[in-house]
Each structure stands twice: as structure tokens, then as C-alpha cells.
Amino acid sequence: MRNLFLLLLSTVFLTALNAQNQLIPQPKKLELKQGEFVIPETLLISKSLPQHESNYLINRLKGKFDIEISKNNLAEIRKIYIEKVHPDEWYSISVEEKGIYIRFSTNTGYFRALQTLAQLFEEHQHDRKIPAMLIVDEPQFKWRGMHLDVVRHFFNKEEVKRYLDYLAMYKINTFHWHLTDDQGWRIEIKKYPKLTEIGSKRKESMIGPYGDNRFDGVPYGGFYTQEEIKEVIEYAKKLHITIVPEIEMPGHALAALSAYPELACTPGPFEAATKWGVFDDVFCPKEETFEFLENVLDEVIALFPSEYIHIGGDECPKVRWKECAHCQELIKTENLGDEEGLQSYFIKRIEKYVNSKGRKIIGWNEILEGGLAPNAAVMSWTGEEGGIEAAKTGHYAVMTPGAYCYFDHYQGDPQNEPLAFGGYTPLDKIYSYHPIPEELNAEEGKYILGVQANLWAEYILDFKQVEYMLFPRLMALAEVGWGTNDPKNYLAFEKKAVDHFKYLDEMGVNYSKSIFNPSGKVIRSGNGIAYELYMSKDVHNIRYTTDGSEPTINSETYQSPIRVDRPMTIRAAYFENGELKSAITHQRLNVSKSTGKAIELVNQPASNYSFGGELTLVDGIEGDPKVLGKTWLGFSGTDVIATIDLGERTEFSKLYFNSLNNKGSWIHLAGGAKILISDDGVNFKEIGEIGKQKIEEMNGRVEINFVPAQSARYLKVEIYNAGIIPDGNPGAGHAAWLFVDEIGLK
Ligand code: TNX
């Protein structure tokens, strides 16, 4: 009897807990209470609540619930009172047996409350009872942004509105609209019609991986008229989303120059870019350029009501400025020192203009180079350093570091994913982010306006793929920005996200199911390697094979890391209740004489390109050109100097390694390599060398044969960085990246 009672009690308790577990972003404070609100056949919303917003709820839940605005003051959903004392986005919801009471200071607060309410209703669509509870909620960050690049590929106004719908559902409040770049100008400017007549079109587009250098031969274009822009801004306003437009300068300007070549330092002619990357032809800092940009900004400012105007500022090569007499003269007369000073002068002038119109500028972290404009805010993308520097000097910053916030990166093992930019940013990675870096004290931390994720569209061909890259990562971003993400409890968050999939299904959203796919990584095991499978779900539901066959429910159950003592392909899949739930992942492992041996590096790889540490170089997995983040080690400006201890004197006749060629991402083939051996690990003797030209001929798949065979215990492999990126390449003037993988020995 007592047990039965306990059982009943725990079921009651569990139901209570289960009854309310799907809110994303998690509210700041949620207390469950006794009792429940039973959802009536027709639910009335008080007519004293802001009606635009109430209509949103009615539409959002159409077909699931019958909701009406009341004719008199009798209603189940009621406003308590409006407290002007709270911040805009603050709200509280009290669900009681008699009704649902909402408090807020502004219509925005009410709208955020309605998102919570919509999720509560959806969760209880079938039992039609919402447990009594009190929610008191507000975001930690006031900038919770999501960006969309409509240049590399164009998404029409209806698609952009749909995108805004998605952002609103997860309480994202800022939409960063990337409207101009090298590959196209996408906003009508009345004073300069050629910007769209000519600048919105490109001859063709790059297809496939950057390194393939292939083009489709199909003209591409698209832009928004000012009428369409207004329509989208109106739409966003109803969703309480601010749109921050971006007009890129001084770099990423080829499309503008194709229409108005006189704004460049050289005569042209120019064409909108057909490939991705960074281009040398940029706006020339002459008077007519400033006049042009000010006129463009006038129209942009008249359209967009946002406090901030994004002026780009990233990746501006200085090659043209170096050779331009006017620019050099300007550096002298204005005492700017060098081209970086000139970039800073450029941005400061634009800032002054934008400020004179009552607005502020925000720019990518390169606007720090040569000195930041006085009132500018920084969008920190190459890492967190830009944001830290800004905050420490009293400037506002939005954090959007590539390693956490780039939704153009892969979200699962690349072999199961559509082609993406590179990198590896799975759901748990974005979920683990905290926008205020530890380097900042409390006072400085206040300058972090918030967080944003970016969706660059080089490899995003249509809106279905936009959805795929956005979901479910948008949900994690939402909690990061709301300040309620709890990385220790990632699995609880993942469960909520999976629960939301059914709503996305109902809406026909093409979200990614990559979290169901098992991932694998190589670990050391004895003096060799083993392959460990991992995923956020129970790994014991994984079945795998090593003989090349497809895993089925009858295949081996995964227990612990699989010993890899010979070349093999491991195939694995996740099953639930006997049913295949994931893609079948596969990994080829090439065991050679160096695989799994102790390896030491003199220079360390960059932290965001060292996924598996130095073992990556001898883990039996060949670097995959499709993915930069996982199978390679990436070194910025430095050489690979690796010493491998083979454990005992070992004979070998061939050494091989891969060096990646991806100039668009600033990754250059190695400039040369040397092989040395030793028996004591101290005194090394050179046994082979290979030059830059040979490496280029082999396109980075380097093989060195030894006749006669060599024998040694220690092996030192030196692979040299290409140095400074030469002019005419993306990133010219910066240190090249060297990406190396798999040093094999046969
Ligand atoms: C860098 S992020 C860029 C973009 C690319 C993106 C691809 C930034 C300010 N510039 O032009 O699309 O990388 O991830």
C-alpha cells in the first residue's frame, strides 16, 4: 500500500515535472503551483490587451485552439496591470485555475509573453490542461541577433519574412540583414539605380567546394525594391524585431564598383564576383566615394529605424590603397601613418556622418585596426578578442565568434552533411557559449550588448537549406542570448529541442536531424588506436560493423571504444525500439606504422582547429578537404615541427602527409618539408626534403619514398608554412594558414 502511494506520488510529481518542460528559451524564473488551467473550447483574450499582438497568438495557434478577442471584459487571458517600471522585454505570466494573467511594461514585453504562452499551449494541445505556474522573465542580453547573408545567395522577401517568423518564435530580437557584398548589391538606392541594374547581377556562381574552382555558367541576381524593404521592416516591427541593415565598406565592394567604377582606386572595369572570398578592389577613400556612401546611407537611414547601422568594415585588403597616389597623399596630409590608419579614417568619417543623422555605427572587429571610431560598436567575429578590446575601452560589442556562432559551419559529421563553409559547430557547441568573456570584470561586462549567430550563404543554395542550417541551432542561440543556457545540462536542452521538432514538422520546416547521428573520434589505446563512438543519446543504442556491411538491429551493440589494429571502415547507426533513427555514419581508418604513436609538436595549432589535439596527425583518419575543423590541424603563420616516437626501431620506405589547399579560407599549401631521423631522440639526421614546387605538383598529397628503406625509432617531420599571403589572394598580407593531416609511414 505504502509503495503504491509512493508510486502514485512520484507519478504525480513526474507528471507535474513533465507537464512543463518544453519552453525555449528557458524562462529566468518558473515556479509550478497547485492546480491547473483547463483550456476551454473557445478561449477569450481580454480586449484590453494590445490587439495586434493578441492577433499574432490567434494566428499562431489557428487550427489547434480556438481563441478570440473578447467583446466585453470577460476573458480567460487577462492583463493584470501595466508596470512601466520594467524593461521593455520583461513580462510575467501567472497561470491559475481561473485564468491566465499577464503583466508587462510594453507591447514588446507582451509579445515575448505570447511566445511563451504559445509554447505552453502547444505543449498541452492534447491534454488541454496547463499546470498552474508563475513565470517571471526577461532576457539577460538586449541584442539577441541572427544574421542572414542575402548576397552570396538571394532569398526573396517572403522567405525573409518566414525567417523573421522563426526568429520571433524563439524571442530573437535583432535581424542583421547583410545586403551588399562583392557578389551582389541587393537593396534599391534611388539615387544610384545602377547599383541594382548592374550591381545586383553576376555572370555565374561558384559551385561545389572552393578548392574545385568550378562555376555553373548561370547568371544570378536579385534585389529588394525600397517598397519591399519597407514591407519587411513593417513585418519585423509587428514581431518586435529590429532590423539592422549592413552596407559593406570599404571592402567587399566589388558589386558596387561594377556599377560605379569611378569609386575605385583604379579605372576598372569591374564585375560582381563569381567566386567567394576577399577581393583587392575596394572603395577608394576619395571625396566622391564619401559623397556616394553618404547618399546611400541617407536612403538606408530613411528606410530603417534601427539605432545601429552596420557598415561592414571586415576583410579590406590594402593592396590598391598602397599603390594609389591619392591614398598615399591622404595618409600624409591627415597624418594617418599607414593604410590601417586610412581604414580607421574611413570608418571615422562615416561614423561622424551616421552620428549626425542620430544613429550609431556597428562594424566587424577589423574596425578596431588603426583605432576605433569614438562611438562605434564592434561585432566580434574572428574570436572574442575584438569584443574584449572594445569593452575594455568603453565601446559596446556584440559577440559572434566564429567557433560558436557561425551557422554556415557543419553541425554534424561532414560526411553526412550537405557541403558547408567548413568548421564544426554542432548544437552543444553553440549551447555552451557564454557571451561575456572571463577577461572582463563586471563593469566591462556591461558593454557586451549580446550575442548573434551568422548565416553566410556561400554554400546555402535555397531557403530549405537556410532552415537546415538554422534549426535546431537557433534554439540554442535563443537560450544563450536569454542567459538561461546551462551547458552542464545540455542533454535536458537537447530533449526540449527534439520535442520542438514536431512543431517544426507541422510548419514544414526542413530542420537538421544531425544530433541523432553518432559521431566518432580516435583515441589512444596501448601503442595504437581505438575508435570511440559518442552522441548525446545513449551510446548503447548504437549498432556497428567493421566488415563494410550496413549496420542493422542485429549488428554488434556498441559497448566501448573499438580497437583498430588493421585498416578498417567502421559503420555505425543509432536505433530506438528496433528502428533506425539516424544516418549511417562511416569512418575509414588507415593504420600505418605511425598510427597512434606518441607525437610532440613544437608549435601548437590554433585552438579552433585542433579538435583532436596532436593525435589528429597520426589518428589513421585522412584530412577531409570538406571539413576544416575536425580532421586537420590548422596553424596560423607557424610551421609544423612534429617528433614521432615509434616506440622501437622501425623500418620504413615511404612517408606521406597531406597539406590542404583552400586559398579562399587563407589556407595555403606547405612551402616545403624536411624529414629527419634519430635513435636517441636528441641527435637527428636529415634523410629527405621536398620543395614547394613538388608539393604544388602533388596538390598537397605528399609522398616521399626511401630507397633503400630507412630505420629509426624517432622521426622528425618539419612542414613549412607558406608565409605571408601574396597579393591577389583572399587575405593578402596576412599570415597564411597551414593545414596538415595524417603523417603516415609505410
Ligand atoms: C568571413 S564574417 C566573412 C564573410 C564570409 C564568412 C564565411 C565576416 C565579417 N566576413 O564574408 O561569408 O567569413 O564564414
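**Note on the interface between domain 1 and domain 2**

1. Between domain 1 and domain 2 the count of salt bridges is zero, a salt bridge being a side-chain nitrogen of Lys or Arg within 4 Å of a carboxyl oxygen of Asp or Glu. The model is predicted, with local features needing pLDDT of at least 70 and side-chain atom pairs counting only at pLDDT 80 or more, while totals for chains, interfaces and linings use all residues. Residues are numbered from 1 along each chain as its sequence is written, and side-chain values use heavy atoms, with hydrogens and water left out.

2. Across this interface, eight residue pairs are in polar contact, both residues being at pLDDT 80 or more; such a contact is a pair of N or O atoms within 3.5 Å, where within protein one must be able to donate a hydrogen and the other to accept it, and residues adjacent in sequence count only if both atoms are side-chain atoms.

3. The protein chain is divided into four parts, among them domain 1 (2–137) and domain 2 (153–488), with bounds from an automatic or database domain assignment. The C-alpha centres of these two domains lie 38 Å apart, and their contact (heavy atoms within 4.5 Å) takes 20 residues from domain 1 and 13 residues from domain 2.

4. The area buried between domain 1 and domain 2 is about 1500 Å², of which carbon and sulfur atoms give 58%; this is the accessible area (1.4 Å probe) that two parts lose on being put together, summed over both. I24, P25 and R112 supply 38% of the area that domain 1 buries against domain 2, more than any other three residues.
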